[in-house]
Amino acid sequence: MAPAAATAASRGWVRNLPSIASRIYFFLVILQVPLFRIPCRSGMCSTPIHVTSSQLIASEIFPAPVVKALLYPGAIANGLVRNMTVPSWNSLLDIYNLTNAKEAPAVTDLQRLEVLAGSYFSVAGALVGILKPGRMSMFGTLLVIWGLVKEGILGKPINTDPSKAVYVYPTMVLAVICAFSSVKYDAKKVVRSAPARPIAKPLQSSSKSKLK
C-alpha cells in the first residue's frame with residue numbers, strides 16, 4: 001500500500017505543478033522581485049511591472065489609478081522589507097519616478113521592444129495564470145530573455161554608460177523555471193488525438209493470382 005500511496009501522491013503533485021508554478025510566478029511579478037536591470041523611460045527598471053508601468057504612464061493607455069493599483073502590492077512589500085513603512089498611494093508615481101515618464105524619449109523603449117513586449121506578456125500571464133495557467137508567462141519570459149541577451153551579449157543597442165549596463169539577477173532563473181512549469185501538457189490527450197493508422201492488407205484478387 002505504501003508504494004501505491006507514494007505513486008498517487010507523486011502523480012497529484014505533478015498534476016498540481018502548473019498551478020503551483022503559476023502562483024510562484026505571480027508573486028515574483030506582482031511583488032516586484034528584481035529580475036533584471038535595464039534602462040527604461042523612468043530611469044532603470046528591474047521588474048516587468050516597472051517596464052510596463054512606465055510605458056502605460058507615458059502612452060496614457062490606462063489612467064494613472066490603474067497603474068497605481070498594479071504597483072501598490074509591490075510597493076507595500078518593498079516598503080515593509082526596507083524600512084517597515086507602507087508607502088502612500090498618492091506618492092507612488094514619485095517613488096517609481098513616473099511623474100516625468102511622458103517627457104522621456106520614446107527611443108529608450110523602441111530600442112528594447114523585446115523586453116517591453118515580454119514585460120507586457122509576463123504581467124498579463126501572471127495575472128491570468130492565477131485563474132488558468134497558460135503559455136503567456138513562458139512567451140513573455142522568453143521575449144525578455146532574448147531582449148536582455150541581445151543587448152548584453154550582442155551589444156544592440158550600444159550602451160556606453162556603465163551605470164546603465166544590463167544586469168540579470170539570479171531570481172531570473174526561478175522565473176524561467178516557473179514560467180515553463182506553468183504550461184500544462186497532457187500526454188494522454190496527445191495519444192488519444194493521434195489518428196489510428198490502418199494496416200494495409202493484400203487484396204484478395206492479388207493473393208489469388210499469386211497462388212495460380
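I count Ala, Val, Leu, Ile, Met, Phe, Trp, Tyr, Cys and Pro as nonpolar, Asp, Glu, Lys and Arg as charged, and the others, Gly among them, as polar.

I am working on a predicted model, where local features need pLDDT of at least 70, side-chain atom pairs count only at pLDDT 80 or more, and totals for chains, interfaces and linings use all residues. Residues are numbered from 1 along each chain as its sequence is written, and side-chain values use heavy atoms, with hydrogens and water left out.

**Second largest pocket**

About 290 Å³ of space lies in it, a volume being the space filled by probe spheres set on the points. Its lining has 14 residues, and Gln32, Asn78, Arg82, Ile95 and Tyr96 are the closest to its centre. Lining residues have an atom within 4 Å of a point. I sorted the lining into five nonpolar, eight polar and one charged. Helix α4 gives the largest share, five residues.

**Gln55**

Is Gln55 buried or exposed? Gln55 counts as buried, because its relative accessibility is 15% and the cut-off is under 20% relative accessible area with a 1.4 Å probe, protein chains only. Leaving aside neighbours within four places in sequence, Gln55 is in contact (heavy atoms within 4.5 Å) with Arg41, Asp109, Leu116 and Tyr120.

Definitions and conventions: On a 1 Å grid over the protein atoms alone, a cavity is a set of points where a 1.4 Å probe fits but cannot get out, and a pocket is an open set with protein on both sides within 12 Å along at least five of seven lines; lining residues have an atom within 4 Å of a point. Helices (H or I, at least four residues) and strands (E, at least two) are DSSP runs, numbered from the N terminus. Buried means under 20% relative accessible area, exposed over 50%, partly exposed in between (1.4 Å probe, protein chains only).
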